[in-house]
Amino acid sequence: MNLSLRGGARGAISGEARSLRPAEGGAIQPRSMIVRSNHRGLGVLLFLLLAFSVSLSQEPASRIAWWRDARFGMFIHWGPVSIVGTEISWSRGGERRGISGTGEIPLGAYDSLYTRFDPVQFNAAEWVAIARAAGMKYMVLTAKHCDGFCLWRSDVDEYCMRGTPFGRDVCGELASAAHDAGMRIGWYYSPMDWRDPDCRTERNETYLNRMRGHLRELLGRYGRIDLLWFDDDGGPIPWDADHTYTLVKSLQPGIIINDRLSLGPFGETSRGTLDPRADYRTPEQRVGAFDVRTPWETCMTIGTQWSWKPNDRIKTAAECERILVQCVTGDGNLLLDVGPMPDGRIEPRQVDVLRQIGAWLAKYGESVYGTRGGPYTNGAWGGSTRKGNMLYLHLSHAGGDRMSLPPLPQRIVRWTVLTGGRAGVVQTARGVDVSLGAAPPDGCETIVRCEVDGSLDGARPIVVGAGGGPGGIAVTLATPADTNYPPGRAGQLVDGVRGTTDRTDGAWLAFDGGRCGAEFVLPAAKRVAHVHVGALQEQVSRIFFPRTIEVFAAVHDTAFTPVGTLDCGPSADDAEIRTGSFTVPLKPVSARAFRIRVTGPAVCPPWHREAGTRAWLFLDEVSFDGR
């Protein structure tokens, strides 16, 4: 897994770009059979060409239909590195040919771990059973990570399971157990190999021959393989993508392939475009932006690193459920990573969390499996999924007990609160108003199922704003926003569009060093009792919630004076990526001009893995109300 996070660009259409030249044995007739140029012959030819073209354009969508319906899968990062409990590959010392940096484990010590790798309690059927109990529909194992170790008995690479005390073929056993249980199975494969002496050198072709041998073994030995999850590290990509895609699809014609084989180095525009031969995007350690056009899948760890870490801080079941909901309401999947221990067992703490997620899905899975995201765009308020004439509202309690959604073209015939408790849904020409009772006891969102009088399949997205819109408010930034996160306009703070958990969605303003000052001039003086400020937390990317928010007002157009302060508390270790809305209570004042000063950590706290490095503050949607 690549720890350098990237943002997935929005709007590209996935699919396979192919010519109309049929494959051998295709449906188009040889030229000798269509020699007549009469109208009937041309009509038949045009019909055949059109049918063939339509079948090609539909083929990628039908091939990944099962994957989009599945919504939830298990990622497994495992290997000899579990013996020392550090991050897979990234903790390896020595050169990372093609990129900078090195790990904390000396090269010789890391590369010899496999001689002690003896996971005697590994049980592939048990792994599959744990995934099924969690409600996961597919599994992806790190067959080979960047450190080059192969979790199968390879005939083309000696750095593999053959050389371990264990000696067994992990990939083969997992594939067999998955097939027996009806579980979809796939491999993570790193094209870059930081250990291989030929990779990314003048002898790269020698390495490519070895890489192709790996792929022939992984895709040719174990029956049907459903997914291939390539990785990249942001460096050069001399992988001969054309030949590699062709090889993979010749070995497994129905396979699904992610986007990372053909990503260029960081900073290149090609990184924002989905290769037409790939099937989906892969935002890492963050929830992708709402996108119903291009398939995507968030990959995220259940703990704080890729691979097992002793005494790691792991996410709770409620946190994982919220992340899953954020993904599916944005029309994406979640690939949740576990790290088995050196003895081959998935850590019991992780298993307990997974089983709790499975119990939640057993109750509410109808709002997840087989759905598409929307029509309402998701955000801090929650989100929606749809299936046929059913609309599922996943409602967050963070924003209060009432919310107003934009008008829905279909009429709501009836509604039910799936999670128990109370809620109210009132539909008018102005929109859909929802009132919430107490939050569900499991700490997750309230789910309301609405039956409507028409199909929601193919529904256009309905943008949900922040609950007030721009309203003619003028904004001036006293602290310049960072230009690495465009568009970076001050007006984004009051444009009515909430930022999602994707920091690159174009809604957030980013401030390096954890400080922001801004002035807001309303169209006219108004009574204000509360100021609301939206913020993002993504600690893995050094983005923290605010510590304090100060509000100043120019009452009667005089000098600015303090009218309210909120102490948000110190930053605590929290691996979940989330948005938050912070409310500053004021002694009600009537004013037209306000200033806010938001302060977060200037540097990462001592407990953070990058302690002392510059921290970030991400803000969006500031609103003023008189209630």
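Which residue in E7 is the bridge partner of Cys299? It is Leu335. Before going on, the ground rules. This is a predicted model, in which local features need pLDDT of at least 70 and side-chain atom pairs count only at pLDDT 80 or more, while totals for chains, interfaces and linings use all residues. Residues are numbered from 1 along each chain as its sequence is written, and side-chain values use heavy atoms, with hydrogens and water left out.

Now the overall picture. The protein chain has 9 helices and 22 strands. Those elements are DSSP runs, numbered from the N terminus: helices are H or I with at least four residues, strands are E with at least two. Of the 627 residues in the protein chain, 56% are buried. Buried means under 20% relative accessible area, exposed over 50%, and partly exposed in between, using a 1.4 Å probe and protein chains only. Now contacts, meaning heavy atoms within 4.5 Å. Take those in the protein chain with a separation of 6 or more: 74% of them come from residues 24 or more positions apart.

Back to the sheet. It is open, with 7 strands in the order E5-E4-E3-E2-E1-E7-E6, and the pairing is parallel. Two strands pair if DSSP finds at least two bridges between them. The edges are E5 (256-257) and E6 (297-301), each pairing on one side only. E6 runs parallel to E7 (residues 333-338), with 5 bridges between them.

Next, the helices, starting with H5. It has 12 residues and spans 17 Å from first C-alpha to last, close to the 16 Å expected at 1.5 Å a residue. The expected span is 1.5 Å times one less than the number of residues. At the start of H5, a side-chain oxygen of Asp169 comes within 3.2 Å of the backbone nitrogen of Cys171. That is a polar contact by this rule: a pair of N or O atoms within 3.5 Å; within protein, one must be able to donate a hydrogen and the other to accept it, and residues adjacent in sequence count only if both atoms are side-chain atoms. After H5 comes Gly182, with a positive phi near 75 degrees. Buried in H5 are Val170, Cys171, Gly172, Leu174, Ala175, Ala177 and Ala178. Their cover includes E1 (72-76), H4, E2, E3 (184-189) and H6 (204-220).

H7 (residues 241-251) also has buried residues, including Tyr245, Leu247 and Val248. The buried residues of H7 pack against H6, E4 (227-230) and E5.

Where does His214 sit? In helix H6. His214 is buried, at a relative accessible area of 0%. Its side chain makes a 2.7 Å polar contact with the side chain of Tyr189. Leaving out residues up to four places away in sequence, His214 touches Lys144, Cys150, Trp152, Ser154, Val156, Asp157 and Tyr189. Lys144 also lies over the face of Tyr189, at 4.8 Å from the ring centre. The rule for a charge over a ring: NZ of Lys or CZ of Arg within 6 Å of the ring centre and within 35 degrees of the ring normal. Lys137 does this with Tyr369, at 4.5 Å.

On to the rings. The whole structure holds 26 aromatic pairs. Rings of Phe, Tyr and Trp (its six-membered ring) pair if their centres lie within 6.5 Å; planes under 30 degrees apart are stacked, over 60 edge-to-face, and the rest tilted. Why is the pair of Tyr114 and Phe149 tilted? Because their planes are at 45 degrees, with the centres 6.2 Å apart. Tyr114 is in the loop between H3 (107-111) and H4 (124-133), and Phe149 in the loop between E2 (138-144) and H5 (170-181), so this pair ties together parts 35 residues apart in sequence. Phe149 is buried, at 4%. Both rings belong to one aromatic cluster, which includes Trp78, Phe117 and Trp127.

Last stop, Ser367. This residue lies in the loop between H9 (348-364) and E8 (372-373). Ser367 is buried, at 0%. Its side chain reaches the backbone oxygen of Tyr364 at 2.8 Å. Ser367 and Ile447 are 80 residues apart in sequence, yet 8.1 Å apart in space, C-alpha to C-alpha.
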